[in-house]
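User: Could you walk me through this model, one question at a time?

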Amino acid sequence: MGKKEKGKPNPLGEVSRDYTINIHKAVHKETFKRKAPRAVSHIIRFAQKNMLTDDVRVDPQLNEAIWARGIRNLPRRIRVRLQRKKKEEDDGKGKYYTLAQYVPVDSFDNLKTEITKQ
């Protein structure tokens, strides 16, 4: 078993995970008119950090779920499926992108991060 070389990241693969994101904590003390846009950008930052990709694409249903009650009355938590996928086009910025999709749930009790595809 060889040593890991410094400066070389682990090779990424296609993976899909379900996360529960606490939006209420992300937009606390935010002005009313900035809450929903701040929540969307928080989800994008969360996806970049956890999936290790710069390109994050938000599904329209996820955007509608955040904005469903208006700009200021957001859901406290939201269940999101993050899928790291291989890019079809070659535009230079990495080989993978992340697709963030909405996962409807009845209750958030005892929900953990689930790896749905590896």
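Here are a few questions with worked answers.

Analyst: Happy to! This is a predicted model in which local features need pLDDT of at least 70 and side-chain atom pairs count only at pLDDT 80 or more, while totals for chains, interfaces and linings use all residues. Residues are numbered from 1 along each chain as its sequence is written, and side-chain values use heavy atoms, with hydrogens and water left out.

User: In what order do the elements of the protein run from the N terminus on?

Analyst: Helices (H or I, at least four residues) and strands (E, at least two) are DSSP runs, numbered from the N terminus. The protein has three helices and five strands. Their order is β-α-α-β-α-β-β-β.

User: What relative accessibility does N110 have?

Analyst: N110, another residue that is not glycine, has a positive phi near 55°. The loop between β4 (96-102) and β5 (114-117) holds N110. N110 counts as exposed, and its relative accessibility is 75%.

User: What share of the 118 residues in the protein is buried?

Analyst: Across the protein's 118 residues, the buried share is 31%.

How values were computed: Buried means under 20% relative accessible area, exposed over 50%, partly exposed in between (1.4 Å probe, protein chains only).
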